Amino acid sequence: MIITEKLPRHCTFNESDWKILAAFWYPVAFSHDIVDRPYAAQLLDERLVLFRVSDGSVTAARDLCLHRGVPLSLGSIENDELICRYHGVRYNKAGQCVCIPAEPVAAIPPRLKLKTYPTIERYGLVWVRLADSGDIHFPDFKEWDDPDYIQVLPNYVDINAASGRQVEGFLDVSHFAFIHADSFGERHNPEVPDYPVEVLPYGFRADYVSTVSNYPHHMKHLNPSGFKWRRLFELWLPFTAKLSVTFPNGQLHILNAACPVSARKTRLFVPICRNFDKDAPLQDTLDFNDRVFAEDKAIIEQQYPEDLPIRLQDEVHIAGDKSSITYRKKLAALGLSPSFAA
């Protein structure tokens with residue numbers, strides 16, 4: 001299906017790339033943040049307003065009052081209606097204007113209707129797609145809803161880098177001994193064993209087994225001698241990945257859900273769940289997660305070129321880059337340009 005959406009003002013993507021990316025689902029906010037006031041978000045350079053009504057549903061719309069161009073996220077919500085702060089123009093959950101206070105009995109122009117977008121709430125997040133252009137495989141994080149697991153929802157991470165760079169870094173297995181040497185990486189254990197990659201219609205799986213422990217350094221003593229650590233990566237195009245780590249006493253699952261705010265700005269959401277150490281302080285998990293992703297952020301923001309090169313000959317690859325190579329090939333197969341930004 002051809003997407004005919006108008007590009008956002010000051011769009012940082014070229015037109016063909018934006019239209020390809022607009023078809024996918026991305027997280028834009030935490031569900032718990034969409035309460036009794038409008039919430040501003042941004043996706044693919046499109047400014048959005050999110051608001052919740054009494055039936056529990058969330059509306060995502062272009063953050064622009066069609067009367068005089070004021071962001072609706074500056075307004076308020078009353079009786080399930082979104083109210084513009086400037087002139088009090090009111091919109092219902094379908095985006096239709098239902099009241100113009102300055103002319104309460106006048107006919108409402110049909111054009112006074114907001115552009116709204118499909119939304120889904122899953123894994124503690126609100127997901128939006130800007131172009132409803134057919135079925136898209138939604139990321140599967142079923143463990144989040146499993147009563148045997150505890151759920152942890154860290155704060156989002158804002159990264160001054162392209163979402164493709166961030167996701168590729170999450171999939172990378174050869175940087176543990178260097179970038180994460182202060183958190184869990186093992187400088188004496190940098191070798192990357194061979195691992196299989198299974199290509200799937202919506203992305204791929206990479207099943208990586210090594211002796212690198214996922215425990216933080218102060219807990220390395222808990223690692224059984226000879227234990228093999230399995231890290232199963234799953235990728236949903238274009239910017240969502242899942243890591244499932246097999247611990248000696250259970251499973252840890254991390255969803256790396258990147259929101260491309262613009263071509264070179266990313267807001268990262270990282271829901272986590274595990275079925276072990278259920279009584280351990282959650283703050284320890286939050287602190288460890290913050291530390292690991294801060295280590296990644298520091299290096300990803302320095303990569304050059306800023307946009308992920310999906311033409312393989314533009315960078316040099318090693319055997320341990322099987323996931324990265326597969327990722328770049330899958331992005332290219334979507335029809336994205338070699339450097340998918342303006």
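A residue is called buried here if its relative accessible area is under 20%, exposed if over 50%, and partly exposed in between (1.4 Å probe, protein chains only). The structure is a predicted model; local features need pLDDT of at least 70, side-chain atom pairs count only at pLDDT 80 or more, and totals for chains, interfaces and linings use all residues. Residues are numbered from 1 along each chain as its sequence is written, and side-chain values use heavy atoms, with hydrogens and water left out. Helices (H or I, at least four residues) and strands (E, at least two) are DSSP runs, numbered from the N terminus.

Tyr123 is buried, with a relative accessible area of 7%. Tyr123 lies in the loop between E10 and E11. These two strands run antiparallel and are joined by four bridges. Strands count as paired if DSSP finds at least two bridges between them. Within this pairing, Arg122 stands opposite Leu125 in E11. E10 and E11 form a hairpin with two residues between them. Most residues other than glycine have a negative phi, and most peptide bonds are trans.

Asn79 is found in the loop between strand E5 (76–78) and strand E6 (81–83). Asn79 is exposed, with a relative accessible area of 65%.

Aromatic contacts were examined next. Rings of Phe, Tyr and Trp (its six-membered ring) pair if their centres lie within 6.5 Å; planes under 30 degrees apart count as stacked, over 60 as edge-to-face and the rest as tilted. A search of the whole structure finds 21 aromatic pairs. Tyr123 and Phe138 form a tilted pair, 6.3 Å centre to centre with 45° between the planes. The pair links distant parts of the chain, 15 residues apart. Tyr123 is in the loop between strand E10 (119–122) and strand E11 (125–128), and Phe138 in the loop between E11 and strand E12 (150–152). Both residues of this pair, Tyr123 and Phe138, are buried. The pair of Phe247 and Phe276 is also tilted, because the ring centres are 4.8 Å apart and the planes stand at 35°. Phe247 lies in strand E17 (residues 240–247) and Phe276 in the loop between strand E20 (272–274) and helix H4 (282–300), so the pair ties together parts that are 29 residues apart in sequence. Both Phe247 and Phe276 are buried.

Ring pairs also build a cluster from Trp25, Tyr123, Trp127, Phe138, Phe141 and Trp144. Charges meet rings as well. A charge sits over a ring if NZ of Lys or CZ of Arg is within 6 Å of the ring centre and within 35 degrees of the ring normal. Arg122 lies over the face of Phe138, at 4.6 Å from the ring centre. The charged end of Lys322 sits over the ring of Tyr195, 5.4 Å from its centre.

Helix H4 was checked for length. The expected span of a helix is 1.5 Å times one less than its number of residues. For the 19 residues of H4 this gives 27 Å, which agrees with end C-alpha atoms 27 Å apart. Buried residues in H4 are Thr285, Asn289, Val292, Phe293, Glu295, Asp296 and Ile300. They cover an arc of only 145° around the axis, which puts them on the same side of H4. The arc is that of the directions from the helix axis to the C-beta atoms.

An open sheet of four strands has the order E2-E3-E4-E9, with antiparallel pairing. Strand E2 (39–43) and strand E9 (116–117) stand at the edges, each with a single partner strand, so one side of each is left without a neighbour in the sheet. Strand E3 (residues 46–52) and strand E4 (residues 58–62) pair in the antiparallel sense over five bridges. Leu50 has Ala60 in E4 as its bridge partner.

Two cis peptide bonds are described. One joins Leu237 and Pro238, with omega about -5°. Pro238 is found in the loop between strand E16 (229–236) and E17. The peptide bond from Tyr304 to Pro305 is cis, with omega near 0°. Pro305 is found in the loop between H4 and helix H5 (322–333).
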